[in-house]
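Visitor: I have a structure open on my screen. Could you show me how to read it, one feature at a time?

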Amino acid sequence: MEIKSSENESFRLVYKEVFPVVMRVAYHVTYNMDVSEDICQEAFIRFYEKNIDFRSIDEAKYWLIRVTKNLAINVVKRKSRERAMVDKIKKVPKMPIRSGEDALIDSETRTLVREAVEKLPEKLKAVLVLKEYADLNYKQIASILKISESNVKVRVHRARKIMESMLDREDIHVS
Amino acid sequence: MCLDDQILNTYLDGELTEPWRTQVEEHLTYCVACKTRFEQLRSLHITVSGARLDDAEIAPHADKVLQFIEKNYMEKKLKVGFFQRDFRMKTPTLLAVAAAFVFVLVGAFMVNPGVQSQSGELIPRVPSSTEGTLVQVRATEGLAAAQVLENFPLEEILKYLDSRGYEVDLRLKTIVPISDEGETTP
């Protein structure tokens with residue numbers, strides 16, 4: 001199905017499908033809800049205003065994920081520069097209380113995982129976030145990041161290796 | 001030979017192609033060490049992806065951003081000015097409009113051919129010589145002189161033009177009205 005990004009109907013369709021993914025990407029790169037909301041808003045405004053024709057909804061989705069990822073990484077870079085001068089007041093993300101059944105991991109582990117993701121080097125972080133939180137395959141990640149599939153494979157592996165060692169250090173029972 | 005982490009991760013993500021996939025599957029059935037390592041990597045994957053942002057946490061932000069875009073972008077686009085409007089029409093309609101325009105334009109000239117004959121009356125007629133000899137026309141004497149426009153008083157010309165149905169607007173250009181203020185100021 002062809003998507004024209006400035007047509008309201010197409011826009012709404014893409015928005016409904018893609019917003020959660022894009023929000024997750026922004027959040028797991030920045031770990032700040034307000035910043036992520038701004039980033040997603042900016043990405044969708046660009047999407048609407050550029051008036052681009054996409055061959056499919058997936059093409060539109062990859063475009064949006066790429067823009068969001070770039071915006072989010074820029075925010076993180078800027079933030080880390082600012083942090084060098086001013087002590088950052090860390091915004092602890094609000095953790096909703098989950099019912100025991102559907103919770104895959106407890107909130108403490110979740111916080112530690114998120115802190116570990118935050119510490120990953122930029123290139124590995126981008127790949128891991130797209131793999132674990134945007135549910136994309138290697139080919140899709142490769143096309144979004146404009147790198148080769150084998151490069152994605154290597155980065156996923158490296159990112160997981162670092163994640164494992166960081167979570168081990170935190171003495172998390174990963175099993 | 002046992003499997004390394006990268007192959008296991010690729011297999012875990014379902015990205016390993018044949019024939020390696022079958023080989024890995026087979027290996028995992030009997031190699032306890034690799035099977036244990038694979039399970040560790042799988043639980044790491046579950047733990048990491050389990051830390052994802054919930055749909056419930058996303059929903060209010062999704063609504064908020066959509067409302068913002070609807071209000072500031074979608075609604076504004078609807079208010080298009082007259083000249084920005086799209087005047088596209090289908091070819092038969094366009095041809096019909098063009099034909100009607102040409103018809104009206106040509107018809108106007110055909111119905112009203114009197115423009116030239118009217119202007120002819122205003123130009124003073126000089127009697128043409130029937131014998132073919134040269135006739136000198138002078139403004140000061142004879143019939144020609146009598147018919148020169150400047151021999152008529154302005155009122156008569158106006159009356160004549162009025163009777164022919166012309167509306168004449170006379171204006172004096174060079175005379176500047178004397179202002180009262182200019183007189184009183186020293």
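Predicted model: local features only at pLDDT ≥ 70, side-chain atom pairs only at ≥ 80, totals over all residues.

Visitor: How many helices and strands does chain A have?

Guide: Helices (H or I, at least four residues) and strands (E, at least two) are DSSP runs, numbered from the N terminus. Chain A has seven helices and two strands. Along the sequence they run β-α-α-β-α-α-α-α-α.

Visitor: What share of chain A is buried?

Guide: Count C-beta atoms, placed from the backbone. A residue is buried if 20 or more others lie within 10 Å of its own, exposed if 12 or fewer, and partly exposed in between. Of the 175 residues in chain A, 38% are buried.

Visitor: What share of the contacts in chain A join residues at least 24 apart?

Guide: Two residues are in contact if their C-beta atoms, placed from the backbone, lie within 7 Å. Take the contacts in chain A between residues at least 6 apart in sequence: 73% join residues at least 24 apart.

Visitor: Now helix packing. At what angle do the axes of H1(A) and H5(A) cross?

Guide: Two packed helices are described by the angle between their axes and the distance between the axes. Axes are lines fitted to C-alpha atoms, for helices over the stretch in contact, and angles run from 0 to 180 degrees between N-to-C directions. In chain A, helix H1 (residues 8-30) and helix H5 (residues 122-132) have axes that come within 10 Å and cross at roughly 140°. H1(A) and H5(A) are therefore oblique to each other. The cut-offs are these: under 35 degrees is roughly parallel, over 145 roughly antiparallel, 65 to 115 roughly perpendicular, and the rest oblique.

Visitor: Which hand does the crossing of H1(A) and H5(A) have?

Guide: A crossing is left-handed if the near helix is turned anticlockwise from the far one by less than a right angle, and right-handed if clockwise. H1(A) passes H5(A) in a right-handed crossing. Val25(A), His28(A) and Val29(A) of H1(A) make the contact with Lys125(A), Val129(A) and Leu130(A) of H5(A). By class, these residues are four nonpolar, one polar and one charged. Here Ala, Val, Leu, Ile, Met, Phe, Trp, Tyr, Cys and Pro count as nonpolar, Asp, Glu, Lys and Arg as charged, and the others, Gly among them, as polar.

Visitor: How do H5(A) and H6(A) pack?

Guide: Their axes are 10 Å apart, at an angle of about 135°. That makes H5(A) oblique to H6(A). This crossing is right-handed. From H5(A) come Ala126(A), Val127(A), Leu130(A) and Lys131(A); they meet Ile141(A), Ile144(A) and Leu145(A) in H6(A). The contact has six nonpolar, no polar and one charged residue.

Visitor: Which residues of H6(A) are buried?

Guide: Tyr138(A), Ile141(A) and Ile144(A) are buried. They cover an arc of only 130° around the axis, which puts them on the same side of H6(A). The arc is that of the directions from the helix axis to the C-beta atoms.

Visitor: How many residues of chain B are in contact with chain A?

Guide: 31 residues of chain B are in contact with 33 residues of chain A. Helix H1 (5-12), helix H3 (32-50) and helix H4 (55-78) of chain B each supply at least two residues of the side that touches chain A. H4(B) gives the largest share, 13 residues. That side of chain B has 15 nonpolar, eight polar and eight charged residues.

Technical notes. Residues numbered from 1 in each chain as written. Chains lettered and ligands numbered in written order.
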